[in-house]
Amino acid sequence: MDRTTSKPIADDLIRPLFQTSIWFYAIMLASGTVVACGFAAWGYQIWNGIGVSGKRWPTFWALYLTNFVFWIGISHAGTLISAILRLVNAGWRRPVTRCAEVITVFALSIGALFPIIHLGRPWLAFWLFPYPSDRDIWPNFRSPLAWDFFAINTYLTGSLLFLLLPMIPDFALVRDRSTGLRRRIYGTLALGWRGTSKEWNRLESAMQIMAIAILPVAVSVHTIVSFDFSMANVPMWHSTIFGPYFVAGAIFSGIAALILAMAALRKALHLEKYLLPLHFDNLGKLLLLMSILWGYFVFAERLTVWYGNEPHEMAVFWATQRGAYAPFYWTMVICNFVIPLGLLANPYTRNITGCVIASCGVVVGMWLERFLIVVPSLTHKQLPYSWGTYEPTPVELTIMAATFAGMILLYTLFAKFVPIISIWELKAGLPSRLDPATLSEERLLSTRLDTEEFGPELSMPRGKQ
Amino acid sequence: MAYRWGMAVDLDKCTGCEACVTACHAENNIPTVGSQQAARGRAMHWIRVERYYEGNFPDVRVKFRPVLCQQCDNAPCEAVCPTYAAHQNEDGLNAQVYNRCIGTRYCANACTYNVRFFNFFNPEWVKPLNLQLNPDVSIREVGVMEKCTFCVQRIKAAKTTAKAENRGVVDGALQPACAQACPTTALIFGDLNDPNSRVARLARSPRGSKLLEDLGAEPKITYLDKQSWHEPDTY
């Protein structure tokens, strides 16, 4: 019974590792080109100086920091959502967790690049490490940037572990089904996994520990990113709401990124049987909830500033509300609030297409939100004489485009070499593996992967690989 | 006794001639970036003369306010620097160690006065300006922050001389370039720890106020201005 039900799953999900479509090479080429352009632009910037970007007095932080906050926000897709779903033992999580956790690791790596790209002297970035240097000086632990450094590194380490742990049994599965060099590589990655009950127990408890440990880390990392802003006495930065506001926004944009990634995977790898409308429906509900929460935070932030009527803050407030930045502001409101609310509150439009459209809106809207936090405040600081402007340059835009292409590149490569859906977790959720009590609940909630749905596949010849 | 360098700026004396700006550029090897970069906001003026206009045409009054680093006691720029490039030195100056700076530019954002400047490119001097570089001041390379130092090279020299002659720095004998160049002596520099110095006396003046004082950075520059409650009609 077990073997017959689980084999098609493994066949389906391992297939991308053994078969390569022309689209894989097309995506590699296209995104690889953009990434190469990005590296060239970065090299050009290092060679000539940060002046080739649009930064100026007084807008010393701009597009790079916007992208930094944006990508760190996207990284909350994975680990945080997947950890919550694991802890509440949501049955439908099984096909979703890994695609989410990968987003975290890659988005975090990309996001963590930006503070280095943005440095005036990036070749000295290692001075943020507390190491016994001949300069006899440690990083300044009072600086939120130093906190950032540690928070991001902790989160990156944690989420990498969180991603790698449940991949071990799947590596073992690939190892057992392949030959030659591939077998040796996956064998090394599988760390000698044999699938004894002791190993399973250890893996399960390790995942429980990681899921609990990663939650406070994920919350703290975006709070600390928000501290980069809220610690400085800059109008509309210096706000106590920034910590939770940033965390909520991060989860919000993370869910949107996850929905987009899942929809792309579903089409590209033909995972229609695994990534069901139910998953999009559930994630759509989560996105709706976060959209409302985001709207609440923006309302609370804006109302407090407006009611307080402090002149320095009002300059920024009006610049975003009806001044030069108003088009961005209202686009953000429409993308983050109006569209998701309109599409996702209605069960008829909360389908896959609806979720994808809403998620596109949220990704754009959340990027604009980060931009509107970074730039208008710096261009409207306390002394009106020092008000300024900002205008991005091609170098900045190329580097920004390269990070988006880089995300696609890394994600495609990952889906090519690792089963993007956790096979063993999916199998563990099969009805035949569950005791009757959980079974009835899982039947209602879960992926609905039961033998009936796999009727035709049962007779499919096995030797596809 | 430790020094605590400060300045008083008499706004009633300032004519907005910008001699201080020029003198500062010459003394501190501040690069000129050219009109194109200046238009993009890359100009570096450690001291600038802000112009504010009051009233409506034709009854307009221009007010000048020279703004330089306020050398805050409680400086927001220092805490945020991850590499201690910005720090408070023993004389209470907000010192900037160029070689420690990695260019996060966080200090410039935290500074409420916007008096920190960034080397967006390696500095260049249009010939023959390269021949007048001050050998006492280091050239800053691309990617580092710089700001008013109160002409720390002059302070060091004066302190060394005074120490050799076994005395303190005489009030008025030491001036930064801006104060030295000011034709109306609107800028008065000195030791705030010496209660009898000119600057300490002016800092106690009822005409005095601090720039953005309510933000709590405790600047060491006092702006002297005709206060409106003295002669409301002439204002």
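Core, sheet and chain contact in a predicted model

Me: In this predicted model, what makes the largest nonpolar core a core, and which residues have the most contacts inside it?
Reply: The largest nonpolar core holds 192 residues, and those with the most contacts inside it are A:Cys99, A:Ile103, A:Ile255, A:Leu258, A:Leu287, B:Cys107 and B:Leu187. Helix α10 (residues 242-268) of chain A gives the most to this core, with 16 residues. The set is called a core because its members are buried residues of the nonpolar kinds, joined through C-beta atoms within 7 Å.

Me: Which residues does A:Cys99 touch, leaving aside those up to four places away in sequence?
Reply: With those sequence neighbours not counted, A:Cys99 touches A:Leu258, A:Ala261, A:Met262, A:Leu265 and A:Ile420.

Me: Why is chain B called as compact as a globular protein of its length?
Reply: The secondary structure of chain B comes to seven helices and 10 strands. Its radius of gyration is 18 Å, close to the 18 Å that the globule rule gives for 235 residues, and therefore chain B is as compact as a globular protein of that length. Along its principal axes, the C-alpha trace of chain B spans about 50 × 50 × 35 Å, and buried residues make up 41% of its 235 residues.

Me: Why is strand β8 of chain B called largely enclosed?
Reply: A residue counts as buried if 20 or more other C-beta atoms lie within 10 Å of its own. Five of the five residues of β8 (residues 187-191) of chain B are buried, so this strand is largely enclosed by the rest of the structure.

Me: What makes the pairing in the open sheet of chain B mixed?
Reply: Four strands of chain B form this open sheet, in the order β8-β1-β10-β9. Strand β1 (residues 5-10) of chain B is joined to β8(B) by five bridges, and these two run antiparallel, whereas four bridges join β1(B) to strand β10 (residues 221-224) of chain B, with the two running parallel. B:Met7 stands opposite B:Phe189 in β8(B), and in β10(B) the bridge partner of B:Met7 is B:Ile221.

Me: How do you know that β8 and β9 of chain B stand at the edges?
Reply: The strand order of the sheet is β8-β1-β10-β9. Each of β8 and β9 (208-209) of chain B has a single partner strand, so one side of each is left without a neighbour in the sheet.

Me: How many residues does each chain give to the contact, and which classes are found on the side of chain A?
Reply: The contact takes 35 residues from chain A and 32 residues from chain B. The side of chain A that touches chain B has 21 nonpolar, 10 polar and four charged residues.

Note on methods. Residues numbered from 1 in each chain as written. Chains lettered and ligands numbered in written order. Predicted model: local features only at pLDDT ≥ 70, side-chain atom pairs only at ≥ 80, totals over all residues. Rg over C-alpha atoms; globule rule 2.2 N^0.38 Å. Buried ≥ 20, exposed ≤ 12 C-beta atoms within 10 Å, placed from the backbone. Contact = placed C-beta atoms within 7 Å. Pairing = 2+ DSSP bridges. Nonpolar A, V, L, I, M, F, W, Y, C, P; charged D, E, K, R; others polar.
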